[in-house]
Amino acid sequence: MVDAPRVPGNSWWQSAVFYQIYPWSFKDSNGDGIGDLQGIQSRLNYLRDGTPASLGVDAVWLSPIYPSPMKDFGYDVSDYCSVDPRFGTLSDFDSLLREAHRRGLRVIMDLVLNHTSDQHPWFIDSRSSRNSPKADWYCWADGRSLFRRPSNWNARFGGSSWTWEPTRRQYYLHSFLKKQPDLNWQHPPVREAMWDVARFWLDRGVDGFRLDAINWLGKDLRWPDNPFRFGWRGYTRQEHRYDRDQPVTHEIMKELRQLLSAYPHAVLIGEAAADTPGGPAAFYGQGDDELHLVFDFRLLKSPWRADRFRQFLTDHVSAIPKGGWATIVFSNHDQPRHIDRYGQDGDADARARAAALLLFTLPGTPFLYYGEELGMRNAKLRYRELRDPYTKRFWPFRPGRDPARTPMQWDASYQAGFTTGRPWLPIAAQSAELNVADEATDPRSLLSLYKRLIEQRRASHALTVGGCSLVQAEASDCLLYERMAQLEDGTTERMLTMVNFSERQVDVTVPQSVLHGRVLLSTNPASVDAGRISRCMKLAPNEGRLIQILN
Ligand code: GLC
Ligand code: CA
(Lines give C-alpha, C1' and ligand atoms only; values in the text may rest on other atoms or scores of the structure.)
(Ligands and ions follow the chains in the order given, each with its own letter.)
Protein backbone atom coordinates (compact mmCIF):
# COMPACT_ATOMS: atom_id res chain seq x y z
CA MET A 1 0.00 0.00 0.00
CA VAL A 2 1.44 3.32 -1.01
CA ASP A 3 -0.42 6.29 0.30
CA ALA A 4 0.06 9.63 -1.35
CA PRO A 5 0.80 11.94 1.55
CA ARG A 6 -2.33 13.75 2.55
CA VAL A 7 -2.35 17.30 3.72
CA PRO A 8 -5.33 18.67 5.54
CA GLY A 9 -6.94 21.43 3.48
CA ASN A 10 -5.28 20.89 0.13
CA SER A 11 -3.16 23.64 -1.40
CA TRP A 12 -3.54 24.84 -4.98
CA TRP A 13 -0.21 23.38 -6.06
CA GLN A 14 -1.28 19.87 -5.09
CA SER A 15 -4.04 19.67 -7.64
CA ALA A 16 -2.45 22.03 -10.16
CA VAL A 17 -0.91 21.08 -13.49
CA PHE A 18 2.32 23.03 -14.15
CA TYR A 19 3.72 23.99 -17.54
CA GLN A 20 7.39 24.89 -17.96
CA ILE A 21 8.13 27.67 -20.43
CA TYR A 22 11.65 28.07 -21.72
CA PRO A 23 11.42 31.79 -22.55
CA TRP A 24 13.94 31.66 -25.39
CA SER A 25 11.73 29.22 -27.25
CA PHE A 26 8.04 29.82 -26.59
CA LYS A 27 6.97 32.70 -28.81
CA ASP A 28 8.84 35.61 -30.39
CA SER A 29 6.84 38.83 -30.70
CA ASN A 30 9.32 41.12 -32.49
CA GLY A 31 11.07 39.00 -35.09
CA ASP A 32 14.51 38.88 -33.48
CA GLY A 33 14.29 35.08 -33.32
CA ILE A 34 14.21 34.95 -29.51
CA GLY A 35 11.07 34.24 -27.51
CA ASP A 36 9.92 37.02 -25.18
CA LEU A 37 7.36 38.01 -22.55
CA GLN A 38 4.96 39.68 -24.98
CA GLY A 39 5.13 36.53 -27.04
CA ILE A 40 4.21 34.44 -24.01
CA GLN A 41 1.38 36.81 -23.16
CA SER A 42 0.00 36.51 -26.68
CA ARG A 43 -0.27 32.73 -26.21
CA LEU A 44 -1.77 32.57 -22.74
CA ASN A 45 -5.12 31.53 -24.17
CA TYR A 46 -3.48 28.42 -25.53
CA LEU A 47 -2.53 27.49 -21.98
CA ARG A 48 -5.79 28.43 -20.35
CA ASP A 49 -8.82 30.40 -21.41
CA GLY A 50 -11.47 28.71 -19.35
CA THR A 51 -12.84 26.61 -22.24
CA PRO A 52 -12.07 23.02 -23.25
CA ALA A 53 -10.35 24.41 -26.35
CA SER A 54 -7.32 25.41 -24.29
CA LEU A 55 -4.83 23.06 -22.70
CA GLY A 56 -6.17 23.87 -19.25
CA VAL A 57 -2.99 24.02 -17.16
CA ASP A 58 -3.04 25.87 -13.84
CA ALA A 59 0.45 27.29 -13.44
CA VAL A 60 3.44 28.33 -15.49
CA TRP A 61 7.07 27.95 -14.47
CA LEU A 62 9.23 30.46 -16.30
CA SER A 63 12.86 29.49 -16.71
CA PRO A 64 15.04 32.56 -15.88
CA ILE A 65 14.09 35.87 -17.49
CA TYR A 66 16.57 38.06 -15.58
CA PRO A 67 19.26 40.16 -17.24
CA SER A 68 22.05 37.79 -18.12
CA PRO A 69 25.07 37.47 -20.40
CA MET A 70 23.33 34.21 -21.38
CA LYS A 71 26.42 32.04 -21.07
CA ASP A 72 24.08 29.46 -19.53
CA PHE A 73 20.96 30.89 -21.18
CA GLY A 74 19.71 32.78 -18.15
CA TYR A 75 21.06 30.57 -15.39
CA ASP A 76 23.88 33.11 -15.12
CA VAL A 77 22.06 36.09 -13.62
CA SER A 78 23.55 39.58 -13.59
CA ASP A 79 20.57 41.31 -11.94
CA TYR A 80 17.92 39.45 -9.97
CA CYS A 81 15.39 42.27 -9.89
CA SER A 82 14.85 43.04 -13.52
CA VAL A 83 14.08 41.49 -16.90
CA ASP A 84 16.57 40.82 -19.68
CA PRO A 85 15.96 43.27 -22.56
CA ARG A 86 15.81 40.31 -24.96
CA PHE A 87 12.66 39.21 -23.14
CA GLY A 88 11.16 42.64 -22.44
CA THR A 89 10.78 44.91 -19.45
CA LEU A 90 9.51 44.72 -15.91
CA SER A 91 6.29 46.29 -17.06
CA ASP A 92 5.92 43.54 -19.69
CA PHE A 93 6.35 41.13 -16.83
CA ASP A 94 3.69 42.85 -14.72
CA SER A 95 1.35 42.75 -17.65
CA LEU A 96 2.02 39.07 -18.27
CA LEU A 97 1.41 38.29 -14.61
CA ARG A 98 -1.82 40.27 -14.57
CA GLU A 99 -3.09 38.57 -17.72
CA ALA A 100 -2.10 35.15 -16.41
CA HIS A 101 -3.83 35.73 -13.08
CA ARG A 102 -6.94 36.99 -14.86
CA ARG A 103 -7.17 33.55 -16.47
CA GLY A 104 -6.60 31.74 -13.20
CA LEU A 105 -3.07 30.86 -14.22
CA ARG A 106 -0.36 31.08 -11.58
CA VAL A 107 3.21 32.05 -12.38
CA ILE A 108 6.37 30.87 -10.68
CA MET A 109 9.89 32.14 -11.27
CA ASP A 110 13.17 30.29 -11.46
CA LEU A 111 15.43 31.35 -8.59
CA VAL A 112 19.10 30.69 -9.21
CA LEU A 113 20.58 30.59 -5.73
CA ASN A 114 23.90 28.84 -6.02
CA HIS A 115 25.70 31.20 -8.37
CA THR A 116 25.45 34.46 -10.24
CA SER A 117 26.97 35.59 -13.50
CA ASP A 118 30.55 36.81 -13.30
CA GLN A 119 29.05 40.08 -14.60
CA HIS A 120 26.85 40.53 -11.54
CA PRO A 121 27.88 43.70 -9.61
CA TRP A 122 28.30 41.55 -6.49
CA PHE A 123 31.00 39.52 -8.18
CA ILE A 124 32.62 42.48 -9.88
CA ASP A 125 33.02 43.99 -6.43
CA SER A 126 34.08 40.72 -4.83
CA ARG A 127 36.82 39.98 -7.32
CA SER A 128 38.21 43.52 -7.18
CA SER A 129 40.04 43.14 -3.87
CA ARG A 130 40.24 41.04 -0.71
CA ASN A 131 39.02 44.09 1.21
CA SER A 132 36.06 45.07 -0.94
CA PRO A 133 32.61 45.28 0.70
CA LYS A 134 31.54 42.03 -0.97
CA ALA A 135 34.90 40.29 -0.58
CA ASP A 136 33.29 37.30 1.21
CA TRP A 137 30.18 36.99 -0.89
CA TYR A 138 31.71 34.28 -3.09
CA CYS A 139 33.85 31.23 -2.38
CA TRP A 140 37.47 32.38 -2.47
CA ALA A 141 40.50 30.30 -1.54
CA ASP A 142 44.26 30.34 -1.71
CA GLY A 143 46.06 27.75 -3.78
CA ARG A 144 47.67 24.86 -1.92
CA SER A 145 50.96 26.07 -3.20
CA LEU A 146 52.16 27.98 -6.21
CA PHE A 147 50.15 26.63 -9.23
CA ARG A 148 48.15 24.18 -7.08
CA ARG A 149 44.43 24.67 -6.81
CA PRO A 150 42.71 24.70 -3.40
CA SER A 151 41.15 21.24 -4.01
CA ASN A 152 40.53 18.61 -6.68
CA TRP A 153 36.87 19.57 -7.14
CA ASN A 154 35.46 19.31 -10.64
CA ALA A 155 32.72 21.44 -12.20
CA ARG A 156 29.43 19.91 -13.33
CA PHE A 157 29.98 21.32 -16.84
CA GLY A 158 33.57 20.12 -17.15
CA GLY A 159 37.04 21.06 -15.94
CA SER A 160 38.16 22.17 -12.50
CA SER A 161 35.75 24.17 -10.31
CA TRP A 162 38.50 26.65 -9.50
CA THR A 163 39.60 29.65 -11.54
CA TRP A 164 42.49 31.94 -10.70
CA GLU A 165 41.71 35.62 -10.21
CA PRO A 166 44.92 37.65 -10.66
CA THR A 167 43.60 40.78 -8.96
CA ARG A 168 42.94 39.01 -5.66
CA ARG A 169 45.64 36.45 -6.25
CA GLN A 170 43.13 33.81 -5.20
CA TYR A 171 40.91 31.19 -6.76
CA TYR A 172 37.11 31.42 -6.95
CA LEU A 173 34.80 28.42 -6.99
CA HIS A 174 32.33 27.69 -9.78
CA SER A 175 30.38 24.46 -9.65
CA PHE A 176 29.07 24.96 -13.22
CA LEU A 177 30.67 27.29 -15.79
CA LYS A 178 33.63 29.54 -15.07
CA LYS A 179 31.26 32.43 -15.73
CA GLN A 180 28.98 31.26 -12.90
CA PRO A 181 30.84 31.92 -9.63
CA ASP A 182 29.33 30.22 -6.56
CA LEU A 183 27.92 32.43 -3.82
CA ASN A 184 29.06 31.88 -0.26
CA TRP A 185 25.85 30.90 1.53
CA GLN A 186 27.58 30.71 4.91
CA HIS A 187 27.99 34.48 4.73
CA PRO A 188 24.80 36.00 6.23
CA PRO A 189 24.61 39.09 3.93
CA VAL A 190 24.31 36.76 0.92
CA ARG A 191 21.22 35.17 2.42
CA GLU A 192 19.73 38.54 3.25
CA ALA A 193 20.31 39.81 -0.29
CA MET A 194 18.76 36.71 -1.83
CA TRP A 195 15.76 36.80 0.48
CA ASP A 196 15.24 40.40 -0.61
CA VAL A 197 15.16 39.12 -4.18
CA ALA A 198 12.52 36.55 -3.23
CA ARG A 199 10.42 39.27 -1.56
CA PHE A 200 10.83 41.54 -4.57
CA TRP A 201 9.07 39.00 -6.82
CA LEU A 202 6.56 37.80 -4.24
CA ASP A 203 5.52 41.42 -3.64
CA ARG A 204 4.99 41.77 -7.38
CA GLY A 205 2.56 38.89 -7.13
CA VAL A 206 4.40 35.77 -8.27
CA ASP A 207 3.16 32.46 -6.88
CA GLY A 208 6.42 30.83 -5.90
CA PHE A 209 9.78 29.64 -7.11
CA ARG A 210 11.51 26.77 -8.74
CA LEU A 211 14.86 26.62 -6.94
CA ASP A 212 17.81 25.91 -9.15
CA ALA A 213 20.56 23.43 -8.26
CA ILE A 214 19.94 23.44 -4.50
CA ASN A 215 22.33 20.56 -3.90
CA TRP A 216 25.25 22.87 -4.39
CA LEU A 217 24.40 25.58 -1.86
CA GLY A 218 26.26 24.08 1.06
CA LYS A 219 29.92 23.10 0.65
CA ASP A 220 32.76 22.39 3.02
CA LEU A 221 34.65 25.67 3.22
CA ARG A 222 37.83 23.90 4.35
CA TRP A 223 38.02 22.58 0.75
CA PRO A 224 38.95 18.92 1.39
CA ASP A 225 39.61 16.80 -1.72
CA ASN A 226 36.72 14.71 -2.97
CA PRO A 227 37.39 10.94 -2.94
CA PHE A 228 37.97 9.17 -6.26
CA ARG A 229 35.29 7.00 -7.86
CA PHE A 230 34.95 5.30 -11.25
CA GLY A 231 33.12 7.38 -13.82
CA TRP A 232 33.12 8.41 -17.48
CA ARG A 233 34.54 11.90 -17.07
CA GLY A 234 36.03 14.29 -14.51
CA TYR A 235 32.84 15.24 -12.74
CA THR A 236 31.58 11.70 -12.32
CA ARG A 237 35.05 10.42 -11.45
CA GLN A 238 34.77 11.80 -7.97
CA GLU A 239 32.40 11.31 -5.11
CA HIS A 240 30.87 14.67 -4.31
CA ARG A 241 31.37 14.41 -0.61
CA TYR A 242 32.55 17.94 0.13
CA ASP A 243 31.56 20.22 -2.74
CA ARG A 244 27.81 19.63 -2.37
CA ASP A 245 25.07 18.51 -0.04
CA GLN A 246 26.41 19.80 3.26
CA PRO A 247 23.80 19.90 6.05
CA VAL A 248 23.77 23.71 5.98
CA THR A 249 21.70 23.51 2.77
CA HIS A 250 18.73 22.34 4.81
CA GLU A 251 19.16 25.27 7.15
CA ILE A 252 19.01 27.61 4.15
CA MET A 253 15.86 25.94 2.83
CA LYS A 254 14.27 26.34 6.25
CA GLU A 255 15.03 30.05 6.25
CA LEU A 256 13.41 30.45 2.87
CA ARG A 257 10.36 28.50 3.97
CA GLN A 258 10.02 30.76 7.00
CA LEU A 259 10.09 33.78 4.75
CA LEU A 260 6.99 32.36 3.06
CA SER A 261 4.93 32.70 6.21
CA ALA A 262 4.21 36.21 4.93
CA TYR A 263 3.21 34.73 1.55
CA PRO A 264 1.21 31.63 2.43
CA HIS A 265 0.02 31.06 -1.15
CA ALA A 266 3.55 30.68 -2.52
CA VAL A 267 5.08 27.34 -3.44
CA LEU A 268 8.72 26.21 -3.33
CA ILE A 269 9.86 23.57 -5.79
CA GLY A 270 13.41 22.29 -5.57
CA GLU A 271 15.67 20.77 -8.15
CA ALA A 272 17.57 18.09 -6.24
CA ALA A 273 19.97 15.51 -7.64
CA ALA A 274 19.06 11.84 -7.33
CA ASP A 275 22.20 11.00 -5.36
CA THR A 276 21.67 13.59 -2.65
CA PRO A 277 21.98 12.06 0.86
CA GLY A 278 18.54 10.79 1.84
CA GLY A 279 17.37 11.16 -1.78
CA PRO A 280 15.32 14.08 -3.08
CA ALA A 281 12.83 13.36 -0.26
CA ALA A 282 15.32 14.90 2.19
CA PHE A 283 14.42 18.35 0.87
CA TYR A 284 10.90 18.10 2.24
CA GLY A 285 12.51 18.30 5.69
CA GLN A 286 9.94 17.32 8.30
CA GLY A 287 7.22 17.75 5.68
CA ASP A 288 6.34 21.31 6.53
CA ASP A 289 9.60 23.16 7.10
CA GLU A 290 11.55 22.94 3.81
CA LEU A 291 10.20 22.55 0.27
CA HIS A 292 6.63 21.83 -0.83
CA LEU A 293 7.66 19.96 -3.96
CA VAL A 294 10.91 18.39 -5.14
CA PHE A 295 11.73 17.19 -8.64
CA ASP A 296 12.77 13.58 -8.85
CA PHE A 297 15.48 12.92 -11.40
CA ARG A 298 14.99 9.20 -11.16
CA LEU A 299 11.74 9.76 -13.02
CA LEU A 300 13.28 12.33 -15.36
CA LYS A 301 15.88 9.81 -16.46
CA SER A 302 13.88 6.62 -16.26
CA PRO A 303 13.56 4.39 -19.32
CA TRP A 304 10.19 2.99 -20.40
CA ARG A 305 9.94 0.12 -17.93
CA ALA A 306 7.11 -0.93 -15.68
CA ASP A 307 9.46 -1.89 -12.86
CA ARG A 308 11.00 1.59 -12.77
CA PHE A 309 7.62 3.22 -12.42
CA ARG A 310 6.60 0.64 -9.83
CA GLN A 311 9.75 1.43 -7.90
CA PHE A 312 8.96 5.12 -8.10
CA LEU A 313 5.70 4.38 -6.30
CA THR A 314 6.99 1.91 -3.75
CA ASP A 315 10.29 3.56 -2.84
CA HIS A 316 10.34 7.19 -3.84
CA VAL A 317 6.81 8.42 -3.26
CA SER A 318 6.58 6.58 0.02
CA ALA A 319 9.84 8.20 1.20
CA ILE A 320 8.18 11.61 1.11
CA PRO A 321 7.30 12.71 4.64
CA LYS A 322 3.74 13.56 5.58
CA GLY A 323 3.03 17.08 4.43
CA GLY A 324 5.32 16.78 1.40
CA TRP A 325 3.97 16.08 -2.05
CA ALA A 326 5.43 14.27 -5.08
CA THR A 327 6.10 15.75 -8.50
CA ILE A 328 5.55 13.89 -11.75
CA VAL A 329 7.91 15.16 -14.40
CA PHE A 330 9.32 13.38 -17.44
CA SER A 331 11.00 16.19 -19.40
CA ASN A 332 12.69 19.54 -18.84
CA HIS A 333 15.22 21.88 -20.46
CA ASP A 334 18.20 19.83 -19.24
CA GLN A 335 17.20 16.37 -20.44
CA PRO A 336 16.42 14.82 -23.81
CA ARG A 337 12.67 14.88 -24.39
CA HIS A 338 10.97 11.79 -22.96
CA ILE A 339 9.25 10.84 -26.22
CA ASP A 340 12.72 10.02 -27.56
CA ARG A 341 14.00 8.59 -24.31
CA TYR A 342 11.07 6.16 -24.09
CA GLY A 343 10.86 5.54 -27.80
CA GLN A 344 14.38 4.37 -28.49
CA ASP A 345 13.51 0.75 -29.06
CA GLY A 346 9.78 0.90 -29.48
CA ASP A 347 6.86 2.86 -30.80
CA ALA A 348 7.60 6.38 -29.58
CA ASP A 349 4.12 7.74 -30.27
CA ALA A 350 2.25 5.00 -28.45
CA ARG A 351 4.61 5.31 -25.51
CA ALA A 352 4.26 9.08 -25.34
CA ARG A 353 0.49 8.61 -25.23
CA ALA A 354 0.67 6.05 -22.45
CA ALA A 355 3.17 8.28 -20.62
CA ALA A 356 0.62 11.10 -20.73
CA LEU A 357 -1.80 8.87 -18.83
CA LEU A 358 0.88 8.23 -16.20
CA LEU A 359 1.73 11.92 -15.99
CA PHE A 360 -1.81 12.85 -15.04
CA THR A 361 -2.76 9.89 -12.88
CA LEU A 362 0.33 9.06 -10.81
CA PRO A 363 0.14 10.56 -7.32
CA GLY A 364 1.78 13.99 -7.37
CA THR A 365 1.81 17.29 -9.19
CA PRO A 366 2.43 16.97 -12.94
CA PHE A 367 4.91 19.22 -14.75
CA LEU A 368 4.82 19.52 -18.54
CA TYR A 369 7.72 20.84 -20.55
CA TYR A 370 6.55 23.08 -23.42
CA GLY A 371 5.88 21.15 -26.60
CA GLU A 372 5.71 17.70 -25.02
CA GLU A 373 1.94 17.91 -25.42
CA LEU A 374 2.54 18.05 -29.19
CA GLY A 375 4.98 15.17 -29.19
CA MET A 376 7.84 17.52 -30.08
CA ARG A 377 11.02 15.51 -30.63
CA ASN A 378 14.66 16.13 -29.85
CA ALA A 379 15.99 18.04 -32.83
CA LYS A 380 18.93 16.67 -34.78
CA LEU A 381 21.34 19.60 -34.75
CA ARG A 382 24.67 20.17 -36.40
CA TYR A 383 27.59 21.32 -34.31
CA ARG A 384 27.51 24.81 -35.78
CA GLU A 385 23.86 25.17 -34.78
CA LEU A 386 24.51 24.48 -31.10
CA ARG A 387 24.28 27.29 -28.54
CA ASP A 388 24.64 25.70 -25.11
CA PRO A 389 28.28 25.44 -23.93
CA TYR A 390 27.57 22.19 -22.09
CA THR A 391 26.05 20.62 -25.21
CA LYS A 392 29.03 21.76 -27.27
CA ARG A 393 31.60 20.52 -24.81
CA PHE A 394 30.44 16.91 -24.83
CA TRP A 395 29.28 16.80 -28.45
CA PRO A 396 28.73 14.26 -30.00
CA PHE A 397 29.22 11.86 -27.09
CA ARG A 398 26.30 13.17 -25.03
CA PRO A 399 22.95 14.25 -26.47
CA GLY A 400 23.24 17.56 -24.60
CA ARG A 401 20.49 20.08 -24.00
CA ASP A 402 19.97 22.12 -27.17
CA PRO A 403 18.03 19.36 -28.99
CA ALA A 404 15.26 19.68 -26.37
CA ARG A 405 15.22 23.49 -26.44
CA THR A 406 14.11 24.19 -30.03
CA PRO A 407 11.23 26.62 -30.64
CA MET A 408 7.63 25.79 -29.89
CA GLN A 409 5.75 24.59 -32.95
CA TRP A 410 2.62 26.69 -33.34
CA ASP A 411 1.62 25.88 -36.91
CA ALA A 412 2.87 24.47 -40.20
CA SER A 413 3.97 27.84 -41.57
CA TYR A 414 7.48 29.17 -42.04
CA GLN A 415 9.47 28.84 -38.78
CA ALA A 416 6.50 27.00 -37.24
CA GLY A 417 4.80 30.28 -36.36
CA PHE A 418 7.40 30.90 -33.67
CA THR A 419 9.09 33.91 -35.28
CA THR A 420 9.05 36.00 -38.42
CA GLY A 421 12.84 36.15 -38.25
CA ARG A 422 15.58 33.57 -37.89
CA PRO A 423 15.06 31.45 -34.77
CA TRP A 424 17.92 31.27 -32.26
CA LEU A 425 17.84 27.45 -32.58
CA PRO A 426 16.46 25.72 -35.69
CA ILE A 427 12.89 24.45 -35.76
CA ALA A 428 12.80 20.67 -35.33
CA ALA A 429 12.17 18.68 -38.48
CA GLN A 430 8.64 17.43 -37.80
CA SER A 431 6.95 20.80 -37.31
CA ALA A 432 4.72 20.34 -40.36
CA GLU A 433 2.80 17.56 -38.56
CA LEU A 434 3.53 18.27 -34.92
CA ASN A 435 2.12 21.69 -34.24
CA VAL A 436 -0.63 23.34 -32.22
CA ALA A 437 -2.85 24.42 -35.14
CA ASP A 438 -3.07 20.97 -36.72
CA GLU A 439 -3.27 18.97 -33.53
CA ALA A 440 -5.96 21.18 -32.04
CA THR A 441 -8.38 20.11 -34.77
CA ASP A 442 -7.48 16.42 -34.66
CA PRO A 443 -9.27 14.49 -31.91
CA ARG A 444 -6.68 11.70 -32.18
CA SER A 445 -3.68 13.94 -31.66
CA LEU A 446 -1.44 13.87 -28.62
CA LEU A 447 -2.53 17.42 -27.82
CA SER A 448 -6.17 16.34 -27.73
CA LEU A 449 -5.24 13.47 -25.42
CA TYR A 450 -3.42 15.86 -23.05
CA LYS A 451 -6.48 18.12 -22.98
CA ARG A 452 -8.82 15.25 -22.21
CA LEU A 453 -6.56 13.95 -19.47
CA ILE A 454 -6.20 17.35 -17.86
CA GLU A 455 -9.96 17.76 -17.92
CA GLN A 456 -10.48 14.29 -16.52
CA ARG A 457 -7.99 14.99 -13.77
CA ARG A 458 -9.55 18.30 -12.88
CA ALA A 459 -12.91 16.64 -12.42
CA SER A 460 -11.55 13.96 -10.13
CA HIS A 461 -10.66 14.16 -6.47
CA ALA A 462 -9.10 10.73 -6.61
CA LEU A 463 -6.71 11.66 -9.41
CA THR A 464 -5.60 14.91 -7.85
CA VAL A 465 -5.41 14.53 -4.09
CA GLY A 466 -6.40 10.90 -3.59
CA GLY A 467 -4.33 8.09 -2.11
CA CYS A 468 -2.64 5.54 -4.33
CA SER A 469 -2.12 1.81 -4.14
CA LEU A 470 -0.51 -0.64 -6.49
CA VAL A 471 -2.76 -3.35 -7.87
CA GLN A 472 -1.16 -6.75 -8.44
CA ALA A 473 -1.08 -7.90 -12.04
CA GLU A 474 0.30 -11.19 -13.30
CA ALA A 475 1.86 -9.51 -16.30
CA SER A 476 5.02 -7.92 -14.96
CA ASP A 477 5.19 -5.58 -17.97
CA CYS A 478 1.94 -3.98 -16.89
CA LEU A 479 1.57 -1.39 -14.21
CA LEU A 480 -1.75 -1.12 -12.42
CA TYR A 481 -2.57 1.31 -9.66
CA GLU A 482 -5.65 2.69 -8.04
CA ARG A 483 -6.27 6.24 -6.86
CA MET A 484 -9.05 6.79 -4.38
CA ALA A 485 -10.59 9.62 -2.40
CA GLN A 486 -13.40 10.05 0.07
CA LEU A 487 -15.95 12.47 -1.28
CA GLU A 488 -17.93 14.88 0.85
CA ASP A 489 -21.13 12.84 0.44
CA GLY A 490 -19.42 9.89 2.09
CA THR A 491 -18.85 7.85 -1.05
CA THR A 492 -15.45 6.82 -2.33
CA GLU A 493 -14.20 7.77 -5.76
CA ARG A 494 -11.90 5.13 -7.29
CA MET A 495 -9.85 5.30 -10.46
CA LEU A 496 -7.74 2.52 -11.91
CA THR A 497 -4.87 3.11 -14.32
CA MET A 498 -3.39 0.27 -16.33
CA VAL A 499 -0.44 0.62 -18.65
CA ASN A 500 1.15 -2.03 -20.81
CA PHE A 501 4.85 -1.21 -21.12
CA SER A 502 5.56 -4.02 -23.56
CA GLU A 503 5.58 -4.30 -27.34
CA ARG A 504 3.02 -7.11 -27.36
CA GLN A 505 -0.64 -7.40 -26.56
CA VAL A 506 -1.16 -8.45 -22.94
CA ASP A 507 -4.17 -10.01 -21.24
CA VAL A 508 -4.73 -8.36 -17.90
CA THR A 509 -6.88 -10.17 -15.41
CA VAL A 510 -8.87 -7.54 -13.64
CA PRO A 511 -9.26 -8.01 -9.87
CA GLN A 512 -12.73 -9.02 -8.68
CA SER A 513 -13.17 -5.74 -6.84
CA VAL A 514 -12.80 -3.83 -10.08
CA LEU A 515 -15.34 -5.68 -12.14
CA HIS A 516 -17.86 -2.91 -11.94
CA GLY A 517 -16.59 0.07 -13.71
CA ARG A 518 -16.26 1.84 -16.99
CA VAL A 519 -13.38 2.63 -19.23
CA LEU A 520 -13.01 6.41 -19.32
CA LEU A 521 -10.34 6.43 -21.95
CA SER A 522 -7.68 4.49 -23.76
CA THR A 523 -4.44 5.99 -25.01
CA ASN A 524 -4.70 3.81 -28.11
CA PRO A 525 -6.66 5.70 -30.77
CA ALA A 526 -7.79 2.40 -32.29
CA SER A 527 -9.32 1.13 -29.08
CA VAL A 528 -12.96 1.56 -28.17
CA ASP A 529 -13.01 4.21 -25.46
CA ALA A 530 -16.19 3.84 -23.53
CA GLY A 531 -17.54 0.54 -22.41
CA ARG A 532 -17.92 -1.99 -19.64
CA ILE A 533 -14.94 -3.81 -18.38
CA SER A 534 -14.50 -7.53 -18.47
CA ARG A 535 -12.60 -10.03 -16.32
CA CYS A 536 -9.85 -10.23 -18.85
CA MET A 537 -8.85 -7.11 -20.70
CA LYS A 538 -6.61 -7.07 -23.72
CA LEU A 539 -4.16 -4.19 -23.70
CA ALA A 540 -2.52 -3.36 -27.01
CA PRO A 541 1.26 -2.77 -27.05
CA ASN A 542 2.03 0.36 -24.99
CA GLU A 543 -1.62 0.97 -24.33
CA GLY A 544 -2.85 2.69 -21.22
CA ARG A 545 -6.40 2.76 -19.89
CA LEU A 546 -8.16 4.77 -17.29
CA ILE A 547 -11.04 3.04 -15.58
CA GLN A 548 -13.51 4.42 -13.11
CA ILE A 549 -14.40 1.78 -10.55
CA LEU A 550 -18.03 1.84 -9.54
CA ASN A 551 -18.85 0.40 -6.16
C1 GLC B 1 20.16 23.71 -13.25
C2 GLC B 1 19.45 24.22 -14.48
C3 GLC B 1 20.39 24.17 -15.63
C4 GLC B 1 21.56 25.06 -15.33
C5 GLC B 1 22.21 24.66 -14.00
C6 GLC B 1 23.14 25.72 -13.54
O7 GLC B 1 20.47 22.37 -13.32
O8 GLC B 1 18.28 23.49 -14.69
O9 GLC B 1 19.80 24.52 -16.83
O10 GLC B 1 22.49 24.99 -16.35
O11 GLC B 1 21.28 24.48 -12.99
O12 GLC B 1 22.42 26.85 -13.12
CA1 CA C 1 11.89 38.49 -29.40
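Keep in mind that the whole structure is a predicted model. Are D28 and D36 buried or exposed? D28 has a relative accessibility of 4% and therefore counts as buried. D36 is buried too, with a relative accessible area of 4%.

## The sheet and its helices

Now find the open sheet of five strands, which are arranged in the order β12-β13-β14-β18-β16 and pair in an antiparallel way.

If you want a spot to check by eye, M498 stands opposite R545 in β18.

Helices pack here as well. Helix α9 (residues 306-316) packs on the sheet and touches β12 and β13 (478-486). The direction of α9 makes about 30 degrees with that of β13. Helix α14 (residues 446-458) lies across β16 and β18, and runs at about 145 degrees to β16.

## Two helices side by side

Next, turn to helix α6 (residues 188-204) and helix α7 (residues 248-259), which pack at an angle of about 35 degrees, their axes being 11 Å apart. Their crossing is right-handed. On the α6 side, the contact is made by R191, W195, A198, R199 and L202. On the α7 side, V248, E251, I252, E255, L256 and L259 take part. What kinds of residues make up this contact? Seven are nonpolar, four are charged and none is polar.

## A histidine in α4

H101 is found in helix α4 (residues 90-102). With 34% relative accessibility, H101 counts as partly exposed. Leaving aside residues up to four places away in sequence, H101 touches R106, V107, G205 and D207. By contrast, how far is H101 from R130 in space? The two are 29 residues apart in sequence, and their C-alpha atoms are 46 Å apart.

## Backbone details

Some residues deserve a look for their backbone angles. The peptide bond from W395 to P396 is cis, with omega near -5 degrees. P396 has its place in the loop between α12 (389-393) and α13 (436-440).

A213 and W223 both have a positive phi without being glycine. A213 is found in the loop between β7 (208-212) and α7, and W223 has its place in the loop between β7 and α7. The table sets out their values.

| Residue | Phi | Relative accessibility |
|---|---|---|
| A213 | about 45 degrees | 2%, buried |
| W223 | near 55 degrees | 13%, buried |

Both count as buried because that word applies under 20% relative accessible area, and A213 has 2% while W223 has 13%.

Key
Residues are numbered from 1 along each chain as its sequence is written. Chains are lettered from A and ligands numbered from 1 in the order in which they are written. This is a predicted model: local features need pLDDT of at least 70, side-chain atom pairs count only at pLDDT 80 or more; totals for chains, interfaces and linings use all residues. Side-chain values use heavy atoms; hydrogens and water are left out. Axes are lines fitted to C-alpha atoms, for helices over the stretch in contact, and angles run from 0 to 180 degrees between N-to-C directions. Helices (H or I, at least four residues) and strands (E, at least two) are DSSP runs, numbered from the N terminus. A crossing is left-handed if the near helix is turned anticlockwise from the far one by less than a right angle, and right-handed if clockwise. Contact means heavy atoms within 4.5 Å. Ala, Val, Leu, Ile, Met, Phe, Trp, Tyr, Cys and Pro count as nonpolar, Asp, Glu, Lys and Arg as charged, and the others, Gly among them, as polar. Buried means under 20% relative accessible area, exposed over 50%, partly exposed in between (1.4 Å probe, protein chains only). Two strands pair if DSSP finds at least two bridges between them.
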